[in-house]
Amino acid sequence: MSVYAPGMDIGNPTSTTGDSDGSLGCFARKRDDQSPVLLSCAHVLFANLPDAQNLAIACPPPSSTCCHGTQIATTLKTWPQGFGIQLSVTITGVTQVQSGFQTDCAMAKLLDSVSFTNEIPVIGMIAGTPASGNLGIVAGPPFGTPPTADQYVRFYSPLTKRVHYGTILTSPDHGTIVGGGALDPLLEPWTVNSSLDAMAEAQPNIAQILVMPRPAPGEGLPGSSRLYFGRGGDSGSVVVNKDNQVIGIICRGSVKPDISNNSPEWNAVGGIGILNPIQKVLDVLGVDIPASFSRTVASAGGSAFYMAGIDPEERALQLGRRGIEEKLEKTRLGRLLMGKLSEHRVEARRIVLGNRRALVAWRHHQGPAMVQHFIKNLRDPAHVVPTQINGVDRAALMRAMAGVFLRYGSPRLRRDVEMYREIALRYGPGITSVDQLPLLVEKLRQERASRWLRARKESA
């Protein structure tokens, strides 16, 4: 039986395209009846449906291409209730009043049969939250100065299956709450909103924690790639400080602010993270996050059992993914491959699940079955991934889906399909294990190097 943990993918059946799938933030306890609930964003659990109630929350989400999803909880309250009371802030030297909501949060009551742990993969067990009234964070260092241990914050991404690091980005502006006192200087006084929010009927946020992404401690700045602290699919993830206390929930990613700064670490930033302060989330939902919170025994007629940490199959899958990622990260070409997969993953899934012709092509060419074999291979490297299923070879699947993405994809997706289709069709159909990917990347790197040397000799 599975033990559910922070950082897993979740969603509800109303979000059939995967657009609003997000992260299982963590588990908490209701203050009124002490029952366990899971926390995430309102726009994840409710898919921005104001009148929706009692939605089935599944992990993995129903929109997943690999499975139908298993219900683990049912939503409580409604989508608008996850935003609390609107807050207005006046900014020193600015006449315009900024207004928004401090939270974008929601909770769902767990089924009695569900086992859970607040042990975040790689990071460890959640140690509760900072003392009431304390943000539990400190400002990041000046540009050009390495962060100290207490300045780092981090989260585990269901999108990348990695831990991402950052430091608090403070605003040069200060605000005063209308009808209240001064806004904490570590909170952003300006409203965070975008045209995409308006189209999705999402609510603007204010008084948020802003996080600037950083390389992991001891690692250097990336080369041509950019750092992000929260992207599509990370909404709802909890962020912890050095003491593993939850300090906030990721409600969105944002483009980096227009700061006149040319430092290497700022140039490496692609986007920043926006967090709801955790104390506001707890108050809006009426919950607490106890230290070392878990339930590994079924509470309603189920047989007693014990499982430490994460379900062994899930742990094997995570270890398999991380092992491949570490090998690919060693080369620039490998990092490029991972970056492209990360960039287009959400859009590709949206096309497949949201377009009837795309879905028919995916199923007809045995796409779901092929994905299952690769997942099984990640868990068990001895499992051989077939190159043909039910008479359909993988090359036919790849050609069919390339055609789908060229027809229905965004300009960036179409550009990359055109650019890399030939290479993918040359090597992809014969892969029988994900362990072969780093070897193929190295082979491509050597071929590129040989062509470059040959061209240089010819031009000499």
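**Two helices side by side**

Reply: A395, M398, R399, A402, F405 and L406 in α9 meet L413, R414, V417, E418, R421, A424 and L425 in α10; contact means heavy atoms within 4.5 Å. This is a predicted model, where local features need pLDDT of at least 70, side-chain atom pairs count only at pLDDT 80 or more, and totals for chains, interfaces and linings use all residues. Residues are numbered from 1 along each chain as its sequence is written, and side-chain values use heavy atoms, leaving out hydrogens and water.

Me: Why is α9 called roughly antiparallel to α10?

Reply: Helix α9 (residues 394–408) and helix α10 (residues 411–427) pack at an angle of about 165°, with their axes 9 Å apart. Angles over 145 degrees count as roughly antiparallel, under 35 as roughly parallel, 65 to 115 as roughly perpendicular and the rest as oblique. Therefore α9 is roughly antiparallel to α10.

Me: What makes a residue count as buried?

Reply: Buried means under 20% relative accessible area, exposed over 50%, and partly exposed in between, with a 1.4 Å probe and protein chains only. Of the 460 residues of the protein, 50% count as buried.

Me: What makes a set of residues a nonpolar core?

Reply: The members are buried Ala, Val, Leu, Ile, Met, Phe, Trp, Tyr and Cys residues, joined through side-chain atoms within 4.5 Å. The largest such core has 60 residues, and those with the most contacts inside it are L38, L39, L45 and I289. A second, separate core of 20 residues includes L87, L187, I209 and I247.

Conventions. Axes fitted to C-alpha atoms, helices over the stretch in contact; angles between N-to-C directions. Helix = DSSP H or I, 4+ residues; strand = E, 2+ residues; numbered from the N terminus.
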